[in-house]
Amino acid sequence: MANSMAVLSNQVRGFGRLPMERQIGLIVALAAAVALVSSLFMWMTRPSYTVLYPNLAEQESGQVAEALGRHNIPYRLDSATGAVTVPARHLHDARLKLATEGLPRATGFGFELLEQDQGLGTSRLIENARYHRAIEGELARSIATLSSVESARVHLALPAQSVFVRDRSKPSASVLVNLYAGRTLDESRIAGIVHLVASSVPDLEPERVTVVDQRGRLLTQPAGDVDGVMASTQQLDFTRRMEESYVRRIMDILTPILGADAVRAQVAADLDFSRIERTTEAFDPEFSVVRSEQISEDESRGGGMMGVPGALTNQPPEAGVIAEEGNGANGQAQVPGSSSRRTVRNYEVDRTVSHIREAPGGLRRLSIAVVVDHKEERNEAGELERVPFTEQEMERITTLVREAVGFDARRGDSINVINASFRPVEALELPPEPPIWQEPWVVDLAKTILAVIMVIVLALTVVRPLLKGLAERGAAARREDQLGHLALPEGELGEEQLRLGQQPQVQGALPGPNTKKNYEDQLDSARGMVREDPKRVAQLMKTWIASDGAGA
């Protein structure tokens, strides 16, 4: 403790003996060093900030910043993006506290619009518009929950319905989806979005829902484009999926036998997308039933007047002669003159009417091409070598391929299976691991080490030499003051007095009670000189010894 106080006293004494300009320069250098060390310490201990919520609107960012201020959570606004950032250690705490206040509402407005105070005198038009906007917001929130959709907007066209059925208009909807980078929507998800919107709006048909992505691409087929470009695209996509299905069948059956990298297969499918409607009416005469029957008979008998019509023919019989019934004039039976019979029968015949509508996409023919790699066998020397398959083995492979794809020769299908040696596959080089200096913890560690090194360098190159120079200058000044008050005629202490601790004679000192105290102070100063500058004390001792020898 005494040594530290002595060093500090020497530094203060040395600073006081410097010129004024040196003192000012020294103060400025020390202030700069302290400022640099403080900046390094603050930079090292400054927390890393992370984005609280990405893609917030300006209004939402203001509400979030205000809520963070109320909860005493530090935050910053990114000057480049305007995003709200908080320290990484406060991220989850901030999100929990904001969730309790219902923030953020960046996903759009929903039915909470109806909870707001609408005030007095709100018209029915405003109420319908708020309800309309609430439905759009709720649908957009539901669509945004899909894994591939980042955000969505829904526009509904809901016309006012007329009391007359013939004057009513059908509603329609448009959906704009903003997809994540590298993500796409397949047909099943697009159909899901369409039916979600159509099921949420009364009288909305799925055909009247349009889905568009952020690049302006139409994802749904227009209602009037049945045989247009969209139909051709769907046909190509259907053909591709069917061909991939056949290829997958071939690979699934040959891979366990030959290996994953020993088979290559391609299938070309010829599909018929023509739309055919056929109506057929057939009658089976073998199956008939009498539905109705009508019989008509006409009969006329003889014995009547014959001849040319006239007065002579139409004469009554002679008087007193009555012709017997059924007999002629001569007493003989009369026979019918004419007879006719007509029969009309109506039959119920078996009749079949068929209306056939063939769906497009029928398979016309298949073309299959399969390439099989050579197999590996051990030769007589025990080494592995690549040899082709035998004809029997190739025939078995061809049979498996036929059965896997449903080969039909009557349909005109063709198949070609060959055996060829594949080129050796070069080993893929794994992507290099990221260097260690790109790890997040390395950056923090480097910042800490750099700050410590800078502090050490400043202490060793600036502060320490400066304080050492001040201490040496102060010690020299102190020694000069002490040597100037010693009592020897030569201005030096005797060897025996310094060694034995005898009281020196001080010039101009009056005897009194303080003489012993002054002597102890001077002795302590001499001991301090020995500790601080032994070389100079040794030189002084040499001088004393030399002077004593000369005096003898």
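Predicted model: local features only at pLDDT ≥ 70, side-chain atom pairs only at ≥ 80, totals over all residues.
The buried residues of helix 5 are Ala 134, Ile 135, Glu 136, Gly 137, Leu 139, Ala 140 and Ile 143. These residues pack against strand 4 (149-157), strand 5 (172-179) and helix 6 (187-200).

Three strands make it up, in the order 4-5-6, and their pairing is mixed. Strand 4 and strand 6 (209-213) are the edges, each pairing on one side only, and from one strand to the next the twist averages 15°. Eight bridges hold strand 4 and strand 5 together in the antiparallel sense; along strand 5, the residue opposite Arg 153 is Leu 176. Helix 5 lies across strand 4 and strand 5, and runs at about 150° to strand 4. Helix 6 packs on the sheet too, touching strand 4, strand 5 and strand 6, with its direction at about 135° to that of strand 6.

Ser 174 gives a residue-level view of this sheet. It lies in strand 5 and has a relative accessible area of 36%; that value falls between the 20% and 50% cut-offs, so Ser 174 is partly exposed. Setting aside neighbours within four places in sequence, Ser 174 is in contact with Arg 153, Val 154, His 155 and Thr 210. Val 197 is 23 residues from Ser 174 in sequence, and the two C-alpha atoms are 9.2 Å apart in space. As for side chains in general, those of a regular strand alternate between the two faces of the sheet.

Helix 3 takes in residues 58-70, 13 residues in all, and reaches 19 Å from its first C-alpha to its last, close to the 18 Å expected at 1.5 Å a residue. Buried in helix 3 are Glu 60, Ser 61, Val 64, Ala 65, Ala 67 and Leu 68. They cover an arc of only 165° around the axis, and therefore share one side of helix 3. On the face of helix 3 turned away from the buried side are the exposed residues Glu 58, Gln 59 and Glu 66. The cover over the buried residues of helix 3 includes strand 3 and helix 4 (91-100). Just past the end of helix 3, Asn 72 takes a positive phi of about 60°.

Strand 1 and strand 3 (residues 84-87) run antiparallel and are joined by three bridges, and Tyr 49 has Pro 87 of strand 3 as its bridge partner.

Strand 11 (residues 375-378) and strand 12 (residues 384-387) run antiparallel, joined by four bridges, with Arg 378 standing opposite Leu 384 of strand 12. Five residues lie between the two strands of this hairpin, in which Gly 382 takes a positive phi near 85°.

Zooming out, the protein chain has 12 helices and 13 strands. Of its 552 residues, 22% are buried. Among contacts with a separation of 6 or more, 68% link residues 24 or more positions apart. The accessible surface of the protein chain comes to about 39,400 Å², and carbon and sulfur atoms account for 55% of it.

Notes
Residues numbered from 1 in each chain as written. Heavy atoms only, no water. Pairing = 2+ DSSP bridges. Buried < 20%, exposed > 50% of the residue type's maximum accessible area, 1.4 Å probe, protein only. Contact = heavy atoms within 4.5 Å. Expected span 1.5 Å × (residues − 1). Arc of directions from axis to C-beta. Axes fitted to C-alpha atoms, helices over the stretch in contact; angles between N-to-C directions. Areas by Shrake-Rupley, 256 points an atom, 1.4 Å probe, with all protein chains shown as cover.
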